[in-house]
Amino acid sequence: MLAFTGSRLDRADNDRADPERLAGYRNWRARLLALDGLMPGMDETGGLAWGTLADAPEDAELVFLGLDSGKPCFACVPQLGDAAPRMANPALWQAMASLTPDDLAIYGGARSIVDWHARHRFCAQCGGATRIAKGGWQRDCGRCNASHFPRTDPVTIMLVEHDSRLMLGRGKGWPEGRFSALAGFVEPGESIEEGVAREVLEESGVKVRDVSYIASQPWPFPSQLMIGCHAYADADAITIDETELAEIRWFSREDVTAALAGGGTFVAPPAQAIAHHLLTWWRDR
Ligand SMILES: [Zn+2]
């Protein structure tokens, strides 16, 4: 299973719009996800720590995460969001490494939404203060009444194949030898297929066809939806976009197999990343 997927929570989305039912969920059985800012609190077994609503500050904004075997689960919006979510945070990755896949999915989803709240306290339309609504799955502006919804930003990440070889790139600033699938945000007005074709052409100068979807993964740093695709290239001549990438190369099935086994000609992306899953899918195809 892909990291950050497979949460056991029932989102109970019909209940979010029902203020009475939502208020009823704020009971003694309710659980509050322990967070220190955006860092997960850990219990003694290395799992996610949970407290009760009594642990939340009186004026805290609470997000209803869903039901865990009938028990309502909440998380507090922290004072500050993550100003630089792409930056490596070794302490966070160490904490996440001890979580079960199920706990990791709950943490990732909770992190993404409370971080969104912390960074959207003011209306994008009029600048007025916004307040939490629908159990935390909406914010409403107190001045102009605009409603704002949590973001999910689609990113295509794609394996490009030509003549039984895959195109992989090394980003600027990445360690020597580390390669991964090309990726980029989908832009307004684009389909997934068009986004894939544009990104590959921009970054490598290669034209692709027959784009197909493989798998997707929520990536909570801060709120991407990674959309894993495969496409074929008609030719292998590369014109690299040096503003984005340090290197692009074609790799054989043997190269990919060896890298996934921890050796060979390049360093594969980490197991938590969808790129690793995509390479495994291609190897086994
Ligand atoms: Zn407003």
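The donor residues of the zinc ion follow the spacing C-x2-C-x14-C-x2-C in sequence. The model is predicted; local features need pLDDT of at least 70, side-chain atom pairs count only at pLDDT 80 or more, and totals for chains, interfaces and linings use all residues. Residues are numbered from 1 along each chain as its sequence is written, and side-chain values use heavy atoms, without hydrogens and water.

Cys123, Cys126, Cys141 and Cys144 coordinate the zinc ion through their SG atoms, at 2.3 to 2.4 Å (donors are N, O and S atoms within 2.8 Å of the metal, or 3.2 Å for Na, K and Ca). The arrangement is tetrahedral because the four donor atoms subtend angles of 99 to 115°; for four donors, the term requires all angles to lie between 85 and 135 degrees. Cys141 is buried, with a relative accessible area of 1%. Cys144 is partly exposed, at 30%. Buried means under 20%, exposed over 50%, and partly exposed in between, with a 1.4 Å probe and protein chains only.

The second largest pocket has a volume of about 530 Å³. A pocket is an open set of points on a 1 Å grid, with protein on both sides within 12 Å along at least five of seven lines; lining residues have an atom within 4 Å of a point. Its lining comprises 26 residues, with Arg11, Gly109, Ser112, Trp137 and Pro218 nearest the centre. Helix H4 (101-118) and strands S13 (208-219) and S14 (224-233) each supply at least two lining residues. H4 gives the most, with eight. Helices are DSSP runs (H or I) of at least four residues, and strands (E) of at least two.

Terms used
Four donors count as tetrahedral if all angles lie between 85 and 135 degrees; four count as square planar and six as octahedral if opposite donors are over 155 degrees apart and all others between 65 and 115; anything else is irregular. On a 1 Å grid over the protein atoms alone, a cavity is a set of points where a 1.4 Å probe fits but cannot get out, and a pocket is an open set with protein on both sides within 12 Å along at least five of seven lines; lining residues have an atom within 4 Å of a point. Grid points are joined across faces, edges and corners, and a volume is the space filled by probe spheres set on the points.
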